[in-house]
Amino acid sequence: MAAVKMSKFRNAVSLLVLLAASPAAAQSDGSPVPAAPSAEAKASAPLGIGRTALPEEIAAWDKDISPDGLGLPEGSGDVASGEALFTDYCASCHGDFAEGLDNWPALAGGEGTLDHDDPEKTIGSYWPYLSTVWDYVHRSMPFGNAQSLTADETYAITAYILYSNYLVEDDFTLSHTNFGEVELPNAGGFVEDDRAETEYPIFAGEPCMENCKDAVEITKHASVLDVTPEDGSDAPEGAEGM
Ligand code: HEC
């Protein structure tokens, strides 16, 4: 876990370094931009541009929540307070019961529709992890007033969204301590992307360019398939007089 946290931290640092360095990398004469040295090289040999990211700048980036709850702040909120908050801040777009208004997204409902032509993908029917709900709401909602919710308010609203999806009872309180106990119904509907092991080796080999088949057998001729015009004109059959 410490390792995961470290790499996120490093990414945030190198991102800031790159942002700071980008004006120098833009070449006005159109010549190719030289490859950026590694973050380590820059840190040990500064070019006089950029600066070390401040702890609060790193904290502003490093706020994502992992499926196992890593990154969650301490706090809690219950369904009842979540309902009140949801009514004030969210219901105008997402409906009183998170069912969605007009074309605004529904956050509840849609169970069993994933294999339909027009599946209704909500937190209850589709999302794999509750951490995404907490993270998304805390980071980007309410629409137009993002990042205005406290941690406790976000726990309460998340609890209410669970309740709207019939996943918890009305006396439920969500907190950083019981967060990991909530499993969303579609958690098993996602699989690890294992194509790097299972598919790439098959496609990454040298392509065969000659004598790839032992024997070539002609099974049909165009004339037999009746796609060759017999009278010498290009008009397909039945197209006369069109
Ligand atoms: C002014 C309308 C509006 C308000 C108010 C609003 N939202 Fe949203 N919400 C949106 C829109 C629009 C999207 C889709 C954004 C997108 O796809 O980029 C969205 C998306 C979401 C999603 C992701 C839905 C999905 O399946 O992708 C969640 C969760 C969410 N909002 C929760 C909330 C919560 C909680 C509140 C209240 C704190 C809130 N929203 C307030 C408009 C609103």
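View 1. Helices (H or I, at least four residues) and strands (E, at least two) are DSSP runs, numbered from the N terminus. A residue counts as buried if 20 or more other C-beta atoms lie within 10 Å of its own, as exposed if 12 or fewer do, and as partly exposed in between, with C-beta atoms placed from the backbone. Leaving aside residues up to four places away in sequence, Val133 touches Ile123, Trp127, Thr158 and Ile161, where two residues are in contact if their C-beta atoms, placed from the backbone, lie within 7 Å.

This is a predicted model, in which local features need pLDDT of at least 70 and side-chain atom pairs count only at pLDDT 80 or more, while totals for chains, interfaces and linings use all residues. Residues are numbered from 1 along each chain as its sequence is written.

**View 2. Helix 7 and its surroundings.** Helix 7 has 14 residues and reaches 20 Å from its first C-alpha to its last, close to the 20 Å expected at 1.5 Å a residue, the expected span being 1.5 Å times one less than the number of residues. Because 11 of these 14 residues are buried, helix 7 is largely enclosed by the rest of the structure; among the buried ones are Thr154, Tyr155, Ala156 and Ser164. The cover over the buried residues of helix 7 includes strand 1 (76-78), helix 4, helix 6 and strand 2 (173-175). After helix 7 comes Tyr166, whose phi is positive, near 60°.

**View 3. The buried face of helix 6.** In helix 6, the residues Leu130, Ser131, Val133, Trp134, Val137 and His138 are buried. Seen down the axis of helix 6, these buried residues fall within an arc of 160°, so they line one face of the helix; the arc is that of the directions from the helix axis to the C-beta atoms. The buried residues of helix 6 pack against helix 7.

**View 4. The shell around the ligand.** The ligand is surrounded by 16 residues, of which the closest are Cys90, Cys93, Met141, Pro142 and Phe143, and a residue is near a molecule if its C-beta atom, placed from the backbone, lies within 6 Å of it. Helix 5 (91-94) and helix 6 each supply at least two residues of this shell. By class, the shell has 13 nonpolar, 3 polar and no charged residues, where Ala, Val, Leu, Ile, Met, Phe, Trp, Tyr, Cys and Pro count as nonpolar, Asp, Glu, Lys and Arg as charged, and the others, Gly among them, as polar. Met141 and Pro142 are joined by a cis peptide bond, with omega about -5°, and Pro142 is found in the loop between helix 6 and helix 7.

View 5. Ala98 is buried, with 24 other C-beta atoms within 10 Å, whereas Asp102 is exposed, with 6 other C-beta atoms within 10 Å.
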